[in-house]
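Hi everyone, thanks for coming.

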Amino acid sequence: AMLTADDKKLIQQVWEKVFSHQDDFGAEALERMFITYPQTKTYFPHFDLHHGSAQVKAHGKKVASALIEAANHIDDIAGALSKLSDLHAQKLRVDPVNFKLLGQCFLVVVAIHHPSALTPEVHASLDKFLCAVGNVLTSKYR
């Protein structure tokens, strides 16, 4: 589904709230994903996946900065994340479903920290955005 002008406006609004603690949110979303969907751990065999792990924090920061890149280039997410999609598709061969799972976990994290911000409308737009990011990251598989 294409992001509408309204979607983009809502995403920018929620992003302003997330912005100051995006790295923590990225790490928290990853941690939640590893616990909720343990099969996702297989891509991180060399990681310490315990709570508060420096490696999870570092990867959470990468996740957050990719989402910021995407939000800042919302009309060209594919261009903004081109290198990352090469990496995840060709080198890491991450199963596309995992990006949906991580997006889902990121939504939950936003809901926990900003319950009033995540109205059903914002939820729908943010979900569309996270799916768009996931689709870009897996577009080079096809």
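**Salt bridges and helix packing**

Let me begin with Asp-7, which is buried, with a relative accessible area of 7%. Before I go further, please keep in mind that this is a predicted model.

What does the side chain of Asp-7 meet in a salt bridge? The partner is Lys-128, and the N to O distance is 2.6 Å. Lys-128 sits in helix H7, residues 120-137, while Asp-7 sits in helix H1, so this pair ties together parts that are 121 residues apart in sequence.

How many salt bridges does the count come to here? It comes to three, so let me show you the other two, with the 4 Å cut-off from nitrogen to carboxyl oxygen in mind.

Next is the pair of Lys-8 and Asp-75, whose side chains form a salt bridge with 2.4 Å from N to O. This one also links distant parts of the chain: Lys-8 belongs to helix H1, and Asp-75 to the loop between helix H3 (54-72) and helix H4 (77-80), 67 residues apart. On accessibility, Lys-8 is partly exposed with 23% relative accessible area, and Asp-75 counts as exposed at 65%.

The remaining pair is Asp-6 with Lys-9, where the salt bridge has an N to O distance of 4.0 Å. Here both residues lie in helix H1, which covers residues 5-18, and they are three residues apart, about one turn of the helix. Asp-6 is exposed, at a relative accessible area of 51%. For those of you who like thresholds, exposed means over 50%.

**Two helix pairs**

Now to the packing. Two packed helices are described by the angle between their axes and the distance between the axes, and I have two pairs to show you.

Take helix H6, residues 97-113, against H7: they pack at an angle of about 150 degrees, and their axes are 9 Å apart. How are H6 and H7 oriented to each other, roughly parallel or roughly antiparallel? They are roughly antiparallel, because angles over 145 degrees count that way. The crossing of H6 and H7 is right-handed.

Which residues make this contact? On the H6 side they are Phe-99, Lys-100, Gly-103, Gln-104, Phe-106, Leu-107 and Val-110, and on the H7 side His-123, Leu-126, Asp-127, Leu-130, Gly-134, Asn-135 and Leu-137. By type, the residues of the H6 contact with H7 divide into seven nonpolar, five polar and two charged.

H7 also packs with H3, at an angle of about 105 degrees and with the axes 11 Å apart. That makes H3 roughly perpendicular to H7. H3 contributes Leu-67, Ala-70 and Ala-71 to the contact, and H7 contributes Phe-129, Leu-130 and Val-133. The contact of H3 with H7 consists of six nonpolar residues, with no polar and no charged ones. Have a look at Leu-130 while we're here: this residue is listed in the contact of H6 with H7 and again in the contact of H3 with H7.

**A few single residues**

Staying in helix H3, let me point out His-59. Is His-59 buried or exposed? His-59 counts as buried, at 18% relative accessibility, since the limit for buried is under 20%. Not counting residues up to four places away in sequence, His-59 touches Leu-30, Phe-44 and Phe-47.

Lys-61 is found in helix H3 as well, but Lys-61 counts as partly exposed at 49%. The C-alpha atoms of Lys-61 and Ser-82 are separated by 18 Å, and the two residues are 21 apart along the chain.

Over in helix H6 we have Asn-98, which counts as buried at 9% relative accessibility. What does Asn-98 contact, leaving aside its neighbours within four places in sequence? The answer is Met-33, Thr-40 and Tyr-43.

Last stop: Leu-87, in helix H5, residues 82-91. Leu-87 counts as partly exposed, at 31%.

Notes:
Residues numbered from 1 in each chain as written. Predicted model: local features only at pLDDT ≥ 70, side-chain atom pairs only at ≥ 80, totals over all residues. Heavy atoms only, no water. Helix = DSSP H or I, 4+ residues; strand = E, 2+ residues; numbered from the N terminus. Buried < 20%, exposed > 50% of the residue type's maximum accessible area, 1.4 Å probe, protein only. Axes fitted to C-alpha atoms, helices over the stretch in contact; angles between N-to-C directions. Parallel < 35°, antiparallel > 145°, perpendicular 65-115°, else oblique. Left-handed = near helix turned anticlockwise from the far one by under 90°. Contact = heavy atoms within 4.5 Å. Nonpolar A, V, L, I, M, F, W, Y, C, P; charged D, E, K, R; others polar.
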